[in-house]
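Hi there,

Here is the structure I promised to pass on to you. Have a look at it first, and then read on for what turned up.

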Amino acid sequence: MPHALALLQEASEALLSQQLSVLEWASQWRCCSLDISQALIPEELRRQSEACLERLACFAGQGQLSDLDRSLAELRDLCSQWDHWWWVSQRSNTPWPPPSTPPAGLHVTRQNGRSRVSWICDQCGWSLSWDLQVAAWESVEWPGPIECPLGCSTASCDGLRDDESPQNECAR
């Protein structure tokens, strides 16, 4: 079973090869960030993992290639350490929490400089698409959380406020 950092490493490689959109990578980053606190790993490894994620967030926000190079190298090293602790938990019959996954209803497609972000409610099938054209170097403002207008309890991920619970934030 892959762990949170392995999934983020795969997503990062897919992002760099332009097989994954930034929004999808950010969603995977958020899931990994939440999973770090639940994994049964030594505290030092937890701190290193959180620091690596922060450097990746700095790269995403500021575009510093030095942050990206260092973070990707560190991510590979941390993955091997997480692999070790996953095997330790398996041998000691200690439960290992499965990694969180981004909402299944979120899809991003890109073609000829246009991006189309789609979200589908997993309860009723209502959908919304957001189509835009931006240059690769421009920032895009996400419209905010998307809630189903038909009264379903699901919503798209859009970051947590201090008083919200992560388990209720994403459509599953």
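Let's start with a salt bridge: the side chains of Arg55 and Glu74 meet at 2.4 Å, N to O. This pair joins distant parts of the chain, with Arg55 in helix α3 and Glu74 in helix α4 (residues 65-91), 19 residues apart. Arg55 is buried, at a relative accessible area of 15%.

A word on where this comes from: the model is predicted, so local features need pLDDT of at least 70 and side-chain atom pairs count only at pLDDT 80 or more, while totals for chains, interfaces and linings use all residues. Residues are numbered from 1 along each chain as its sequence is written, and side-chain values use heavy atoms, leaving out hydrogens and water.

Some terms: a salt bridge is a side-chain nitrogen of Lys or Arg within 4 Å of a carboxyl oxygen of Asp or Glu. Buried means under 20% relative accessible area, exposed over 50%, and partly exposed in between (1.4 Å probe, protein chains only). Helices are DSSP runs (H or I, at least four residues), numbered from the N terminus.

By the salt-bridge rule, the count comes to three. Another one pairs Glu43 with Arg46 (3.4 Å, N to O); both lie in helix α3 (residues 43-62), three residues apart. Glu43 is partly exposed at 44%, whereas Arg46 is buried at 12%.

Glu44 and Arg47 also form a salt bridge (2.9 Å, N to O), and they sit about one helical turn apart in α3. Glu44 is partly exposed at 43%, and Arg47 is partly exposed at 45%.

Enjoy exploring!

How values were computed:
Helices (H or I, at least four residues) and strands (E, at least two) are DSSP runs, numbered from the N terminus.
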